[in-house]
Amino acid sequence: MKKIALLGCGAIGTQIALAIDSGEIPATLTHVYDGSKSASESLVEKLKNKPIIVENSHLLSSHPVDIVVEAASQDAVKDVGLSVLQNKRDLMIMSVGALLDESIYDILYDACRDFKKTIYLPSGAIAGLDGIKSVRKELESLLITTTKHPRSLKGAKFFENSKIDLDKIDSVTKIFEGTAKEAVSLFPANINVAALLSLTGIGSEKTRVKIMADPDTDKNTHQIEAAGRFGKMTFTIENFPDPNNPKTSRLAILSAIETLRKYCTNEIQIGT
Ligand SMILES: NC(=O)c1ccc[n+]([C@@H]2O[C@H](COP(=O)([O-])OP(=O)(O)OC[C@H]3O[C@@H](n4cnc5c(N)ncnc54)[C@H](O)[C@@H]3O)[C@@H](O)[C@H]2O)c1
C-alpha cells in the first residue's frame, strides 16, 4: 500500500482523506499538516484510521511516504515543493497557479529530473487536457471562456481599474478578453484553470481567456476551444461548487481523488 502525506486539510484535503479512509483510494494516510491546527484536528477526528499531525509542512516528506499531496495554497507549493522532491517523494499539486511563476516551474522541473520523482497535476476543474496534450505540437489556437455569477468575480484585481459595476449586471456580459498571462494576474480566482491549460498547451501568452458574468447562473462554466492542424476540439464543463468551499468546484475534488486512486493502483490505465 502506498503511503500518503497531506498538506492542507480544507475542502479538497478533507475529501481526499475521506476517500483514503473509506478505501476508495487504496493507500494509507500517514501524516497531515495544515497551517490551521484546528483544520488538521477536525479532519483527523472524521477519520477511522488516524494519521499523525506533524508540526510543520517540511516534516511531511521527512517521513517515508510515497507522495505528498498539496491541497493548501500557492505559497505552500513555493515553500515545500523542492524539499519534497529532494527527499525523494512524488508530489501532487492542486495550487497549480504557483507553477506560472517561471522560476518555481524551472526549479521543480529540474528537481523532478535530478531526483527522479514525478509531479502530478490533476485536471482539476476542467476536462479535455488529455486531448490537448496529444495535439500540443499541432495546436494553433486555444481559448477558454469562463462564465460565473458576478458575485464570484468580486474582489478581482481587474475591477480596481474598470468602470464595470458587478452589482448592476442584469444579463450575460463580457468582462475580460486577453491572454492567460494577463488573466491570471487580473483574475486570481481563475488562476488554476488558466495555468493548467497554459502548461498543457501553448503557453500562457498564446492561450486566450474570456471571462463572462451571468447573473442567472449557479454554476462555474468553462468552455475550451482548441484548433490546429489536427482538427478542432470543444469541451464544456458546467461545475457545481463544493458545499464546503464554494470557490472550489466539485469536479476539482473528484479529479484529485481519481489521480491519487490511479497512482495507488496497478490496473489498466485508460486515457492518454
Ligand atoms: N487545480 C484546480 O483546478 C483547483 C481547483 C480548486 C482549488 N484549487 C486550489 O487547491 C487549493 C486548496 O483548495 P481548497 O478548496 O481545499 O481550499 P480551502 O481553503 O478549503 O483549504 C485550504 C487549507 O490549506 C491550509 N493552508 C493554506 N496555506 C497553507 C500553507 N502555506 N501551509 C499549510 N496549510 C495551508 C488552510 O489553512 C486551509 O485549511 C487552493 O490553493 C485552491 O486554489 C485548485
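Author: Contact means heavy atoms within 4.5 Å. Helices (H or I, at least four residues) and strands (E, at least two) are DSSP runs, numbered from the N terminus. This is a predicted model, in which local features need pLDDT of at least 70 and side-chain atom pairs count only at pLDDT 80 or more, while totals for chains, interfaces and linings use all residues. Residues are numbered from 1 along each chain as its sequence is written, and side-chain values use heavy atoms, with hydrogens and water left out.

Reader: What covers the buried residues of α2?

Author: Buried means under 20% relative accessible area, exposed over 50%, partly exposed in between (1.4 Å probe, protein chains only). Helix α2, residues 37-46, has Ala 39, Ser 40, Leu 43 and Val 44 buried. Seen down the axis, these fall within an arc of 130°, so they line one face of the helix; the arc is that of the directions from the helix axis to the C-beta atoms. Their cover includes β1 (2-7), α1 (11-21), β2 (27-33) and β3 (52-53).

Reader: Which residues touch the most other members of the largest nonpolar core?

Author: A nonpolar core is a set of buried Ala, Val, Leu, Ile, Met, Phe, Trp, Tyr and Cys residues joined through side-chain atoms within 4.5 Å. The largest one has 56 residues, and those touching the most other members are Ile 126, Ile 175 and Phe 187.

Reader: Which helix gives the largest share of this core?

Author: The core draws at least three residues from each of domain 1 (2-121 + 251-263) and domain 2 (129-239), with bounds from an automatic or database domain assignment. The largest share, 6 residues, comes from residues 191-200, helix α8.

Reader: Which side chain makes a polar contact with the side chain of Ser 61?

Author: Ser 61 sits in the loop between β3 and β4 (67-70). Its relative accessibility is 1%, so Ser 61 counts as buried. A polar contact is a pair of N or O atoms within 3.5 Å; within protein, one must be able to donate a hydrogen and the other to accept it, and residues adjacent in sequence count only if both atoms are side-chain atoms. At 2.9 Å, the partner is Asn 87.

Reader: How far is the backbone oxygen of Ala 125 from a polar atom of the side chain of Asn 239?

Author: Asn 239 belongs to strand β11 (residues 231-239) and counts as buried because its relative accessibility is 4%. Residues that Asn 239 touches include Ala 125, Lys 219 and His 222. From the backbone oxygen of Ala 125 to the polar side-chain atom of Asn 239 is 2.8 Å.

Note on methods:
Lists of a residue's contacts leave out its neighbours within four places in sequence.
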